[in-house]
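New page in the notebook.

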Amino acid sequence: MKTIYQAGPLFTEAEQHWHRGLKNTLEKHLTTHNLAWRVVWPFELFPSNVLDALSDEDKKHHICQGCIDSLKNADMVIALLDGTQVDDGTAFEIGYFKALNKGPIYGIRTDFRNGGDTANSLVNCMIESSLDELFRSQTDLLAFLQERFE
């Protein structure tokens, strides 16, 4: 079974809601087309009861290692890039997966503000250059994946 790693900030209810929606949409699409893919979203990798039992230091290492292990097992990354700057954890995940050279990295930026190094850049040039594609809406991303998975 192949794996999509869904990266992006997950600290606010709004971010969690958006990611849950994308994950559900991706899973429905994969199931509908009988595709043997699964979606891994880091928020679901670390149940609060497990994290609450760890010291602050152990919690940091547990989360970092869990994300790294999931990236090593992933075949594709889809990353939410909204905000004035790309979330630092998301930037790490993109860079780490890029270094693994295991598969495509697709970004989605629904934020209408530019956040890059030039007047026309959407995100930091290091992030943008690491992406295989950058989409402006979930609809565009899903249409692209529909074609890719068929």
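Where is Asn 34 found? I find Asn 34 in the loop between α1 and β2; helices (H or I, at least four residues) and strands (E, at least two) are DSSP runs, numbered from the N terminus.

Ground rules first: this is a predicted model, where local features need pLDDT of at least 70, side-chain atom pairs count only at pLDDT 80 or more, and totals for chains, interfaces and linings use all residues. Residues are numbered from 1 along each chain as its sequence is written, and side-chain values use heavy atoms, with hydrogens and water left out.

Back to Asn 34: I looked up its phi, which is near 50 degrees, a positive value in a residue other than glycine. Asn 34 is exposed, with a relative accessible area of 72% (buried is under 20%, exposed over 50%, partly exposed in between, with a 1.4 Å probe and protein chains only).

I then checked Asn 101, in the loop between α5 (88–100) and β4 (105–108). Its phi is near 55 degrees, also positive in a non-glycine residue, and Asn 101 is exposed at 69%.

Next, the strands. I see β1 (residues 2–7) and β2 (residues 37–40) pair in the parallel sense over four bridges; pairing takes at least two DSSP bridges. Tyr 5 stands opposite Val 40 in β2.

Tyr 5 came up again in my contact list (heavy atoms within 4.5 Å): among the residues that Tyr 5 touches are Val 40, Pro 42, Leu 71 and Glu 93.

Notes:
Lists of a residue's contacts leave out its neighbours within four places in sequence.
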